[in-house]
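Try each task before reading its solution.

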Amino acid sequence: MQDRREPKDPLPPLPTLAATPEDAAARKRAQEERDAAVRGVVSIAAMRQAVKDHARGLPILSEVPRLKRLDAQAFAARAAQGLPFIMTGLVDRWPLCSLAPRELRERYGELPVRARVGDYIRQPFRADRPMRDMSLRDYLDLEPERLRGAGEPPPYVGNLELRELNRLCHWPAYFRKMGPPRFWLGPVGTMTPLHCDFDDNIFAQVWGRKRIFLAPPHHDALLYANEANPVLFGSPVDPEAPDFDAYPLARQAATVACTVAPGELLYVPAGWFHQVRALEFSLSSNRWARGVPLALGLNAPCARTA
């Protein structure tokens, strides 16, 4: 039976491109100021540099460790190392994990969702990339080929705030301030290409498995990173099939891969590059912290003083 207890939240408006270079520069400055204020840092550039400087002292990972569920104090101590890890015994207790796709369709089919269509892998962070709005029911009923061109990935519902689904999640209180949960839903072949966010990130896998490649923050030059916005940098390098002729420095980048299974939670420290690919029909959710990255500590040079 369809859940009709509350009206559904409308989708946010699509972003618009700046009309002029001057408008683009003004938007960028304003966003940097907002981002810095929210995170309590002197500047986003200073925070990015501090993250990369810290990463230079980290060991090279050969695998991403798996740990049992940590309380907030143990999590903070582990995250202070600045290395990614996977936790078990937490997400698998969420009510959302017990819902099958058929039940999700029946209860929440009227939810509005927005799917990435076209070649969103080659143009992952463009404000004007093609999108298609539909209901969750229509997306779950969709045969991927209907909106898929030759050589294009299947439509992908990603980075959406779905409050109705979040009521079925029990997020741990690992951070003082966090952004809203974001949901990611799609079949085999949906992916987010290599990029880094300069916020600590906890990524919960609900259904299916995802393959995730990671690389440390200070390898940004080796990965030919370019700025999408002040806290998001993309890379044209595909760690699954690197083109070393086009990107020869990528040979020196230290990447490590892991598979995140249903019921597991991956911690991605601020600034770590990651590429995410669905190996099965998958539902995931993540939250970004909004503060000084845990690896830097509250007394980091980039932090604002009271």
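**Exercise 1. Decide whether Tyr156 is buried or exposed, then examine its ring pair.**

Step 1. Tyr156 has a relative accessible area of 1%, so it is buried (under 20% relative accessible area; exposed is over 50%, partly exposed in between, with a 1.4 Å probe and protein chains only). Tyr120 is buried too, at 2% relative accessibility.

A word on the source: this is a predicted model, in which local features need pLDDT of at least 70 and side-chain atom pairs count only at pLDDT 80 or more, while totals for chains, interfaces and linings use all residues. Residues are numbered from 1 along each chain as its sequence is written, and side-chain values use heavy atoms, with hydrogens and water left out.

Step 2. The ring centres of Tyr120 and Tyr156 are 6.2 Å apart and the planes stand at 40°, so the pair is tilted. Rings of Phe, Tyr and Trp (its six-membered ring) pair if their centres lie within 6.5 Å; planes under 30 degrees apart count as stacked, over 60 as edge-to-face and the rest as tilted.

Step 3. Tyr156 sits in strand β5 (residues 156-160) and Tyr120 in the loop between β3 (112-116) and β4 (131-135), so the pair ties together parts 36 residues apart in sequence. Strands are DSSP runs of E, at least two residues, numbered from the N terminus.

**Exercise 2. Find how many aromatic pairs the whole structure holds, and classify the pair of Phe85 and Tyr267.**

Step 1. The search finds 11 aromatic pairs.

Step 2. For Phe85 and Tyr267, the centres are 5.2 Å apart and the planes at 45°, so this pair is tilted.

Step 3. Phe85 belongs to strand β2 (residues 85-88) and Tyr267 to strand β13 (residues 265-268), 182 residues apart.

Step 4. Both are buried: Phe85 has a relative accessible area of 1%, and Tyr267 is at 0%.

Step 5. Phe85 and Tyr267 also belong to one aromatic cluster with Phe75, Tyr174 and Phe175.

**Exercise 3. Work out the order of the strands in the open sheet of 6 strands, and which stand at its edges.**

Step 1. The order is β10-β11-β7-β14-β9-β12, with antiparallel pairing; two strands pair if DSSP finds at least two bridges between them.

Step 2. β10 (226-229) and β12 (256-260) are at the edges with a single partner strand each, so one side of each has no neighbour in the sheet.

Step 3. Inside the sheet, 3 bridges join β7 (residues 191-197) to β11 (residues 232-234), and Asp197 stands opposite Leu232 in β11.

Key. Helix = DSSP H or I, 4+ residues; strand = E, 2+ residues; numbered from the N terminus.
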